[in-house]
Amino acid sequence: MAEPNLQEVHDFLVLIAKRAGQMITSANPTTAGSGSKKNSSDLVTETDRAVEAMVSSSMRAKYPSYSFMGEETYKPGDTLSAAPTFIVDPIDGTTNFVHGHPYVSISLGFAVARQPVVGVVYNPFTSTLYSAVKGQGAFLTDPTHSRTRLPLKAEPEPLEGLNTCLVAVEWGSDRSGPDYDVKARTFRKLCASKDDGGAMVHSLRSLGSAALNLCAVAAGHLDVYWEAGCWAWDVCAGWTILEEAGGMVVDANPGNWEPRVDERRYLAVRKGVGQRALIEEFWACVEGKLEVGL
Ligand code: LIP
């Protein structure tokens, strides 16, 4: 098979993202007829399914030899192969979408040999597009079509410690079990004062879209993002964008500096001097071992 032309794939994904964006903004979000998947907080709408159908058929028509993995058609046991693969979340932030909260994106990733190499994340409600091709840098295209390289500050401040950081975390849709306890205890430790053994982060944010969280870390709007339980389609596109913006993705559990894209446990840190030390400081705050993805 010929080497994928990554720039061509990128340009195609941007077109698809805009087309999906029109479907998303013109929809009347409803879970009627679709509802929830594993529980009442794991939502899916008819729009998620319609967007994924449009995206997958467009991809199959243009790139019939490439594989496809999408949130709404994934079956337990499906695995990511080394083949060139589109990894797609038609609506990342479905809960926000249902509530009319505009932190919503379409996340279009492309991986080769299981490595994310192209990413396009588009928020159709704010008309902001984040995109990257491996080796070519990451960019934000704003509603006026002006294109800015990420991170937004060419030389971001050093990462001096968690007590200077704005940190995104997500509650996810698994609300019981050992991992839920690890998350809740870790959130408390991150926020607690130094006197109480905490990290005293500036604050936590829980915004509801993994893809946009990664882009916010790439841009420098957030310093850190930590999540366990989300999936390859939530992170594949944002991963390339973050790495091309000088950021890093490691395991949410301590010790693994090179997680797989389908690891389901992620810690993302923005560009800045002190990145590795900050990761070690964060790992020391993780209150137990996350089991998801192991
Ligand atoms: C969501 C993620 C969110 C995470 C949720 C869910 P969805 O994706 O982006 O960050 O906490 O568990 O996976 O379901 O809106 O595509």
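**View 1. The charged end of Lys18 sits over the ring of Tyr122, 5.7 Å from the ring centre.** In a second contact of this kind, Arg264 lies over the face of Trp231, at 3.5 Å from the ring centre. A charge is taken to sit over a ring if NZ of Lys or CZ of Arg is within 6 Å of the ring centre and within 35 degrees of the ring normal. The model is predicted: local features need pLDDT of at least 70, side-chain atom pairs count only at pLDDT 80 or more, and totals for chains, interfaces and linings use all residues. Residues are numbered from 1 along each chain as its sequence is written, and side-chain values use heavy atoms, with hydrogens and water left out.

**View 2. Tyr66 and Phe110 form a tilted aromatic pair.** The structure holds 16 aromatic pairs. Rings of Phe, Tyr and Trp (its six-membered ring) pair if their centres lie within 6.5 Å; planes under 30 degrees apart count as stacked, over 60 as edge-to-face and the rest as tilted. For Tyr66 and Phe110 the values are 5.4 Å centre to centre and 35° between the planes. This pair links distant parts of the chain, 44 residues apart: Tyr66 is in the loop between helix H2 (46-62) and strand S1 (67-70), and Phe110 is in strand S3 (residues 105-112). Helices (H or I, at least four residues) and strands (E, at least two) are DSSP runs, numbered from the N terminus. Tyr66 is buried at a relative accessible area of 12%, and Phe110 is buried at 0%. Buried means under 20% relative accessible area, exposed over 50%, and partly exposed in between (1.4 Å probe, protein chains only). Ring pairs link Tyr66 and Phe110 with Phe12, Tyr63 and Phe86 into a cluster.

**View 3. Trp171 and Tyr180 form a tilted aromatic pair.** Their ring centres are 6.1 Å apart, with 50° between the planes. Trp171 is partly exposed at 37% relative accessible area, and Tyr180 is partly exposed at 23%.

**View 4. Helix H6 (residues 232-244) bends at Gly238.** H6 has 13 residues and reaches 18 Å from its first C-alpha to its last, close to the 18 Å expected; the expected span is 1.5 Å times one less than the number of residues. The bend is about 30°, given as the angle between axes fitted to the seven residues ending at a residue and the seven starting there. Twelve of the 13 residues in H6 are buried, among them Trp233, Trp239 and Glu244. Just after H6, Gly246 takes a positive phi of about 85°.

**View 5. The ligand is surrounded by 14 residues.** The closest are Asp89, Asp92, Gly93, Thr94 and Glu227; a residue is near a molecule if one of its heavy atoms lies within 4 Å of it. An oxygen atom of the ligand is 2.7 Å from a side-chain N or O atom of Asp89. The corresponding distance is 2.6 Å for Asp92 and 2.6 Å for Glu227.

**View 6. A cis peptide bond joins Leu150 and Pro151.** Omega is about 0°, and Pro151 is found in the loop between strand S7 (147-150) and strand S8 (166-169).

**View 7. Ser127 and His145 have positive phi.** Ser127, with phi of about 50°, is in the loop between strand S4 (115-123) and strand S5 (128-133) and is partly exposed at 31%. His145, with phi of about 75°, lies in the loop between strand S6 (138-141) and S7 and is exposed at 63%.

Definitions and conventions
Polar contact = N/O pair within 3.5 Å; in protein donor to acceptor, adjacent residues only side chain to side chain.
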